[in-house]
Amino acid sequence: MRRNKLRIAACALLALTVLTAFAALAGGVGSQDDPLVTLSYLNDTFTTHVLEKVDKALETRSAALRQELELQISQREQALRGQLPGGTPGEGSASYVAVELAAGQSLRGEAGCEVLLRSGSAVCGAIGASVPGLVDTTSGGSVNGGGALQPNHLYLMTEAREVTASTAVTILVRGPYTVG
């Protein structure tokens, strides 16, 4: 009988030791040091949550970009309307803009403004005979005040200068200018 009690006690002690060791080993599973993540959790919950956040961020950014683009288009349309005759300033542009002037009208450009006479006849505004009015980048020369512009020659304004239409003209312009 004593032997049976000893065996039962030994078995109980062995079982208790095994359970304690198992509990100690299982206690670290899923902790910060040993995370437990299943594939179904990643596919069903986590990925869906991340994709929803990305979609929401994309929608927000897309709406902001759309609004900014509409504002720029509106400003560009206003600037293009401002480049028509009437004395309103034209916005500097990376591309050439066709401007039509009636006889006697002037286009005043700022430094860096480029003009190219496409049709009609125009002269460099009266600035002074000795002061170069426009630099003719096509021929490498210059046009002084009162000098005629040649068709299809590209002229550069090194300072604020004027081009006055002798007849109805079409001028391509790139850079800041006003029409008056």
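Me: In which sense do β4 and β10 pair, and over how many bridges?

Reply: β4 and β10 pair antiparallel, over five bridges. Strands are said to pair if DSSP finds at least two bridges between them. Leu117 has Ile171 as its bridge partner in β10.

Me: Before I go on, what kind of model is this, and how is it numbered?

Reply: It's a predicted model, where local features need pLDDT of at least 70 and side-chain atom pairs count only at pLDDT 80 or more, while totals for chains, interfaces and linings use all residues. Residues are numbered from 1 along each chain as its sequence is written, and side-chain values use heavy atoms, with hydrogens and water left out.

Me: OK, big picture. How many helices and strands does the protein have?

Reply: Two helices and 11 strands. Those are DSSP runs numbered from the N terminus, with helices being H or I of at least four residues and strands being E of at least two. Along the sequence the pattern reads α-α-β-β-β-β-β-β-β-β-β-β-β.

Me: And how much of the protein is buried?

Reply: Buried residues are 22% of the 180 in the protein. Buried means under 20% relative accessible area, exposed is over 50%, and partly exposed is in between, with a 1.4 Å probe and protein chains only. The protein exposes about 12,000 Å², and carbon and sulfur atoms supply 60% of that. Accessible areas come from the Shrake-Rupley method with a 1.4 Å probe, and for residues only the protein chains shown count as cover.

Me: What share of the contacts join residues at least 24 apart?

Reply: 70%, among contacts between residues at least 6 apart in sequence. A contact here means heavy atoms within 4.5 Å.

Me: Which residues have the most contacts inside the largest nonpolar core?

Reply: Leu107 and Val115, in a core of 21 residues. A nonpolar core is a set of buried Ala, Val, Leu, Ile, Met, Phe, Trp, Tyr and Cys residues joined through side-chain atoms within 4.5 Å. The elements giving two or more residues to this core are β2 (97–101), β4 (114–119), β5 (122–124), β9 (161–165), β10 (169–174) and β11 (177–179).

Me: What does Leu107 touch?

Reply: Leaving out residues up to four places away in sequence, its contacts include Val99, Leu101, Val115, Met157, Val163, Val173 and Val179.

Me: Ser106 now. Buried or exposed?

Reply: Ser106 counts as buried, because its relative accessibility is 15%. Ser106 lies in strand β3 (residues 106–109) and stands opposite Thr164 in β9. The side chains of Ser106 and Thr164 also make a polar contact at 3.1 Å. That term covers a pair of N or O atoms within 3.5 Å; within protein, one must be able to donate a hydrogen and the other to accept it, and residues adjacent in sequence count only if both atoms are side-chain atoms.

Me: Which way do β3 and β9 run?

Reply: Antiparallel, joined by four bridges. β3 also pairs with β11 in the antiparallel sense, over three bridges, and there Arg108 stands opposite Thr178.

Me: What sits between β6 and β7?

Reply: Four residues, in a hairpin where Gly140 in the turn has a positive phi of about 85 degrees. Four bridges join β6 (residues 132–136) to β7 (residues 141–144), running antiparallel. Asp136 has Gly141 as its bridge partner in β7 and Tyr155 as its partner in β8.

Me: Where does Asn152 lie?

Reply: In the loop between β7 and β8. Phi of Asn152 is near 60 degrees, positive in a residue other than glycine.
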